[in-house]
Amino acid sequence: MPGDLSPSLPSTPAPLVDPFGRGITYLRVSVTDRCDFRCVYCMSEDMAFLPKRDLLTLEELDRICSVFVSQGVRKLRITGGEPLVRRDIMGLFRSLSRHLDAGTLDELTLTTNGSQLSRYATELASCGVKRVNVSIDTLDPDKFHRITRWGDLAKLMAGLDAAQRAGLKVKLNAVALKGVNEDEIETLLTWAHGRGMDLTLIEVMPLGEIDGQRIDQFLPLSLVRARLSQRFTLTEIDERTGGPARYVRVAETGGTLGFITPMTHNFCESCNRVRLTCTGQLFMCLGQEDAADLRAPVRASASDALLRSAIEEAIGRKPKGHDFVIDRRHARPALARHMSLTGG
Ligand code: SAM
Ligand code: SF4
């Protein structure tokens, strides 16, 4: 399988720079919109998925990623939907790892719900993956089932064990949910740090229709942080990833805690990333509708010239920032598209 994907190595990187002078060095790729969970803040239980024929093939995904690498992208994050439910996904990891070997890519990583990690952790490590982000919103098995609707906490725990055994560094992501896990955040933090895993908290974002209302789920992280500060000593650290997360060191645990606060703060000025959907739409901003179609140029010609200029043209349209709002007057999601399409 690995040998089936495009073997061509990128030529000398020519970095992409957007109109605001931000260098684009990070590409997130959603390889499927499908998932084996139905998290309440992410999708409705009867979520309609895209027809399979609309998806890019693994070869096309590889080609697009490789052109980005040749244009100066140094970090690739594979996400979804649940990336590890896509058939033959390890072929893509194995193929993309050639850019790590060639020194043209610094990091190949993924965000996963962990349900398939016990099966794939060793293989991911052998493809040069060093770190994984795993989502976990609670340590209570019943609550986990209520949040994810279809998930099994025991499987996720086995996945975390397997990842750590395989030598992968694990970072946990938890969405802060009003009245659901807000009383558990301290426990989650101490547990994660006790196991040598960093934790990042995320504010609910208004992406795609769900069964309920996001205003009922939304918990501002400013409040969470104020509560945590009563029990822990939080010191700002200057760990910048170019994303919306800001980090603190927790003196009592020695671990790092991140806050992703797109709703209460907006850190767009340092944004270094773009996002590719599983159908080949390139979103220059998670919080805006504008996208460029890369599927047509990838399918139009075996040469990468069209694709290359479509990417350059798209980066030239990267907006300055997003304008998310969640309040009672904005009952509908700000954007119709779900996080599972663009990739979180
Ligand atoms: N399925 C994988 C997972 O859950 O980690 C990867 C894709 S998921 C869309 C990526 C991240 O986005 C997860 O940490 C998830 O909790 C978060 N997420 C999904 N929908 C969200 C929303 N509406 N607001 C904030 N975070 C969301
Ligand atoms: Fe699936 Fe991740 Fe969305 Fe949960 S957050 S439904 S695991 S894509």
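Me: Working definition first: buried means under 20% relative accessible area, exposed means over 50%, and partly exposed is in between (1.4 Å probe, protein chains only). So is Leu 276 buried or exposed?

Reply: Leu 276 is buried, at a relative accessible area of 0%. This is a predicted model, where local features need pLDDT of at least 70, side-chain atom pairs count only at pLDDT 80 or more, and totals for chains, interfaces and linings use all residues. Residues are numbered from 1 along each chain as its sequence is written, chains are lettered from A and ligands numbered from 1 in the order in which they are written, and side-chain values use heavy atoms, without hydrogens and water.

Me: Where does Leu 276 lie?

Reply: Leu 276 is in strand β12, residues 273–276. Helices (H or I, at least four residues) and strands (E, at least two) are DSSP runs, numbered from the N terminus.

Me: Back up a bit. How many helices and strands does the protein chain have?

Reply: There are 10 helices and 14 strands in the protein chain. Of its 344 residues, 56% are buried. The accessible surface is about 14,200 Å², and carbon and sulfur atoms account for 52% of that. Accessible areas come from the Shrake-Rupley method with a 1.4 Å probe; for residues, only the protein chains shown count as cover.

Me: And what share of the contacts join residues at least 24 apart?

Reply: 74%, among contacts in the protein chain between residues at least 6 apart in sequence. Contact means heavy atoms within 4.5 Å.

Me: Now the ligands. Which residues are closest to ligand 1?

Reply: Tyr 41, Gly 81, Thr 112, Ser 135 and Met 205 are the closest, out of 19 residues that surround ligand 1. A residue is near a molecule or strand if one of its heavy atoms lies within 4 Å of it.

Me: What is the make-up of that shell around ligand 1?

Reply: Seven nonpolar residues, nine polar and three charged. Ala, Val, Leu, Ile, Met, Phe, Trp, Tyr, Cys and Pro count as nonpolar, Asp, Glu, Lys and Arg as charged, and the others, Gly among them, as polar.

Me: What lies 3.0 Å from an oxygen atom of ligand 1?

Reply: A polar side-chain atom of Tyr 41. Glu 82 has a polar side-chain atom 3.3 Å from a nitrogen atom of ligand 1. Met 205 has a backbone N or O atom 2.7 Å from a nitrogen atom of ligand 1. On its own, ligand 1 has 540 Å² of accessible area, and the protein covers 96% of it. Strands β5 (107–112) and β7 (169–175) are the elements that give two or more residues to the shell.

Me: Then which residues surround ligand 2?

Reply: Cys 35, Phe 37, Cys 39, Cys 42, Met 43, Gly 81 and Asn 113. That shell divides into five nonpolar, two polar and no charged residues.

Me: What about Asp 88, which is not a glycine: what phi does it have?

Reply: Asp 88 has a positive phi of about 60°. It sits in the loop between β4 (75–79) and α2 (89–101). Asp 88 counts as partly exposed because its relative accessibility is 43%.

Me: And Arg 149, what is its phi?

Reply: Positive, about 65°, and Arg 149 is not a glycine. Its place is in the loop between α4 and α5 (153–165), and with a relative accessible area of 16% Arg 149 is buried.

Me: Last one. What does Thr 148 touch?

Reply: Phe 37, Arg 38 and Cys 39, leaving out residues up to four places away in sequence. Thr 148 is in helix α4, residues 141–148, and counts as buried at 2% relative accessibility. A polar atom of its side chain is 2.9 Å from the backbone nitrogen of Gly 151.

Note on methods: A polar contact is a pair of N or O atoms within 3.5 Å; within protein, one must be able to donate a hydrogen and the other to accept it, and residues adjacent in sequence count only if both atoms are side-chain atoms.
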